[in-house]
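Hi everyone, and thanks for coming.

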Amino acid sequence: MAEAVRRRRDPESRRLAIVTAAAELITEVGVDAITHRMVAARADVPLGATTQYFATLDDLRDAALQQLAAHVAEQMAAIREVISERGATPALLAELIHTALADATAVQADRAVVTAAVHDPRLRELAQHWTDELVGIFAPVHGDDRARAAAVFIDGVLWHAQIHEQPLDQHLIETALSGILGTAERTASPAPPSTA
């Protein structure tokens, strides 16, 4: 009750509660399934409050998707920092991916944004930016082609986690990434000249 009273007196808190509720629901039921009524119930606000802050359901969806996108961007920054410190090795990447897969909500948020990006050019640009960031992290060590292949594989691992009860085993992920990326020495060094 006290929380509801505080939100009534703080419009920004109420708006944030509505957006957060919409973002949670998007990860649970999908971007096209949410309604004002569902969001109001989740946020514990009157139904009219959702339209007071957001003129249309599309406006509310956009705000929720942007919140999800910001969350994924924060995670990407943290991953980039760890890789910068420890190196873009298959073992480290597999460890980071496996840890990320344990956070089902984060995986659902990432996939919700990517799914919505199929129809929303603004989100498509953002989703492509994430892939480009991964490629940018891997490419200096492993080359552009291998880096892009690894990014596509990681995207597939995330989709796999969404539709299977158990995420892929860390060792399997590492083995696959080792095959894709090879060793740093092999991918960073030019092939020896032919003597034929």
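**A walk around the helices**

Let's start at one spot: His71 has a relative accessibility of 35%, so it counts as partly exposed. On that scale, buried means under 20% relative accessible area, exposed means over 50%, and partly exposed is in between, using a 1.4 Å probe and protein chains only. His71 sits in helix H5, residues 57-86. Helices here are DSSP runs of H or I with at least four residues, strands are runs of E with at least two, and both are numbered from the N terminus.

Before we go on, a word about what you are looking at. This is a predicted model, in which local features need pLDDT of at least 70 and side-chain atom pairs count only at pLDDT 80 or more, while totals for chains, interfaces and linings use all residues. Residues are numbered from 1 along each chain as its sequence is written, and side-chain values use heavy atoms, with hydrogens and water left out.

Now the overall picture. If you take contacts between residues at least 6 apart in sequence, 64% join residues at least 24 apart. Contact, by the way, means heavy atoms within 4.5 Å.

Let's turn to helix H3, residues 36-43. Which residues of H3 are buried? They are His36, Val39, Ala40 and Ala43. Looking down the axis of H3, these buried residues fall within an arc of 100°, so they line one face of the helix; the arc is taken from the directions from the helix axis to the C-beta atoms. On the face turned away from that buried side, H3 carries the exposed residues Arg37 and Ala41.

Just after H3 comes Asp44, with a positive phi of about 60°. Asp44 is a residue other than glycine with that positive value. Asp44 lies in the loop between H3 and helix H4 (47-53), and its relative accessibility of 56% means that Asp44 counts as exposed.

Next, how the helices pack. Two packed helices are described by the angle between their axes and the distance between the axes. The axes are lines fitted to C-alpha atoms, for helices over the stretch in contact, and the angles run from 0 to 180 degrees between N-to-C directions.

Back to H5, then. The axes of H5 and helix H6 (residues 90-101) come within 11 Å and cross at roughly 155°. That makes H5 roughly antiparallel to H6. The cut-offs are these: under 35 degrees is roughly parallel, over 145 roughly antiparallel, 65 to 115 roughly perpendicular, and the rest oblique. H5 passes H6 in a right-handed crossing; a crossing is right-handed if the near helix is turned clockwise from the far one by less than a right angle, and left-handed if anticlockwise. From H5, the contact is made by Ile79, Val82, Ile83 and Arg86, and from H6 by Leu92, Leu93, Glu95 and Leu96.

Now for helix H7 (residues 104-117) and helix H8 (residues 121-142). They pack at an angle of about 125°, with their axes 8 Å apart, and that makes H7 oblique to H8. Is their crossing left-handed or right-handed? The crossing of H7 and H8 is left-handed. Where they meet, H7 brings Asp110, Val113, Val114, Ala116 and Ala117, and H8 brings Leu123, Arg124, Ala127 and Trp130.

Another residue of H7 is Arg111. Arg111 has a relative accessibility of 3%, so it counts as buried. Leaving aside neighbours within four places in sequence, Arg111 is in contact with Asp155, Leu158, Trp159 and Gln162.

One last pair. H8 and helix H9 (residues 144-163) pack at an angle of about 140°, with their axes 7 Å apart. H8 and H9 are therefore oblique to each other, and H8 passes H9 in a right-handed crossing. Among the residues in this contact are Phe138 and His142 of H8 and Arg146 and Ile154 of H9.
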